[in-house]
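Let's take a walk through this one together. Keep the viewer open and follow along as we go.

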Amino acid sequence: MIKLSTLKINIDVNRLASNSGTKAIEAKSVRKTFGNNTAVAGVDLDVQAGDMVALIGSSGSGKSTLLRMIAGLINTDKNEQGSIKVANKVIQANGKLDKNVRKNRSSIAFIFQQFNLVRRLSVQTNVLIGLLGEIPRWRGSLCWFTKEEKQRALAALERVGLNSFAEQRASTLSGGQQQRVAIARSLLQDADVIVADEPIASLDPRSAKRVMDILSDINKQDGKTVVVSLHQVDYAKAYCRRIVGLANGEVKIDLSADALNDEDLVELYGTEKDEIDFGVSLSQSENEFVSEGAAVPALARA
Ligand SMILES: Nc1ncnc2c1ncn2[C@@H]1O[C@H](COP(=O)(O)OP(=O)(O)OP(=O)(O)O)[C@@H](O)[C@H]1O
Ligand SMILES: [Mg+2]
């Protein structure tokens, strides 16, 4: 037991060292208006490769809009200084998606609050969809995958604890399980950056913790960069090293998780402390997860 945890720490340090200094995300002067409403009001955001960053802020503060622009799902406003690069590839600049955006987007996996699985397809096929960016189109449209690709999908499902569900229709799984399938799909895609927009908002605390454990494990073991928007501040502090807080479409706080205190949160949310959503106590169900054999998180605090 002790030996295993020592090994894990060594791997983590090596991963961080190999990634240090490389930018996974470079967003400059990013704006987005919908009619008269400014959703994102000129954001500069750099994320180092291998980091795990939480994006927090009240409802309507611009989190989803910013994440969608980073992933190239929507355009920024036209602005000559405005640009977004992910894994050193241009996603968009001056309000226009790059002409290679389809290819460049393969560096980014997007995890949605509502999972975005094809409900009538099997769990394994949903995971294989993560390969659509790299296999010939005709194969994708026929859902024709090689034996080796299917093996990779099973291995990804095993990693999220769902290999025994491979043949089942996605619609038959619980919300938490569906979100883990979505994460397995991102593993198959082998994207450098995982962008997750409130991945635990529709989940019970137990499933939420398991999903965050898996994202954290992928960050630590595989060195993937993770940016995750969250409403529950305690989850953000426990799982992420850096916390970026948005208010009215602007970055209001940008701190290490250790440095973030209650006053920062009261200011960010513009509310009383007892009105902030800290989330359900993480330690409450931690023992259950350990006994289930799920990835054990390196919690930044108890
Ligand atoms: N497609 C759209 N059309 C018009 N307005 C939009 C659109 N998407 C977002 N907005 C507006 O932009 C602002 C920011 O929305 P966004 O969804 O990014 O906030 P959020 O921080 O993700 O909120 P939540 O925590 O509720 O998910 C809001 O005022 C929202 O109403
Ligand atoms: Mg949102």
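This is a predicted model: local features need pLDDT of at least 70, side-chain atom pairs count only at pLDDT 80 or more; totals for chains, interfaces and linings use all residues.

**Starting at the ligand**

Which residues are around ligand 1? They are Phe 34, Asn 37, Ala 39, Gly 57, Ser 59, Gly 60, Ser 61, Gly 62, Lys 63, Ser 64 and Thr 65. Two elements, strand S2 (37-48) and helix H2, each supply two or more residues to that shell. H2 gives the largest share, with three residues.

The buried set is Lys 63, Ser 64, Thr 65, Leu 66, Leu 67, Met 69 and Ile 70. Just past the end of H2, Gly 72 adopts a positive phi of about 70°.

As a rule, nonpolar side chains in soluble globular proteins tend to be buried together. Pick Val 195 and check its surroundings: leaving out residues up to four places away in sequence, it touches Leu 67, Ile 70, Ala 71, Ile 108, Phe 110 and Val 227.

Val 195 is also the bridge partner, in S8, of Phe 110. Strand S8 (residues 193-197) runs parallel to S7, and four bridges join the two. Zoom out and you'll find an open sheet of six strands, ordered S7-S8-S9-S3-S10-S11, with mixed pairing. Its edges are strand S7 (108-111) and strand S11 (250-256), each pairing on one side only. From one strand to the next, the twist averages 15°. Packed on this sheet is helix H7 (residues 175-189), which touches S7 and S8 and has a direction about 175° from that of S7.

Finally, back to S2. Strand S1 (residues 23-34) pairs with S2 in the antiparallel sense, over nine bridges, and Lys 23 has Gln 48 in S2 as its bridge partner. The hairpin of S1 and S2 has two residues between the strands, and there Gly 35 takes a positive phi near 60°. S1 is also joined to strand S4 (residues 83-86), antiparallel, by four bridges. In that pairing, Lys 28 stands opposite Ser 83 in S4.

Terms used:
Residues are numbered from 1 along each chain as its sequence is written. Chains are lettered from A and ligands numbered from 1 in the order in which they are written. A residue is buried if 20 or more other C-beta atoms lie within 10 Å of its own, exposed if 12 or fewer, and partly exposed in between; C-beta atoms are placed from the backbone. A residue is near a molecule or strand if its C-beta atom, placed from the backbone, lies within 6 Å of it. Two strands pair if DSSP finds at least two bridges between them. Axes are lines fitted to C-alpha atoms, for helices over the stretch in contact, and angles run from 0 to 180 degrees between N-to-C directions. Two residues are in contact if their C-beta atoms, placed from the backbone, lie within 7 Å.
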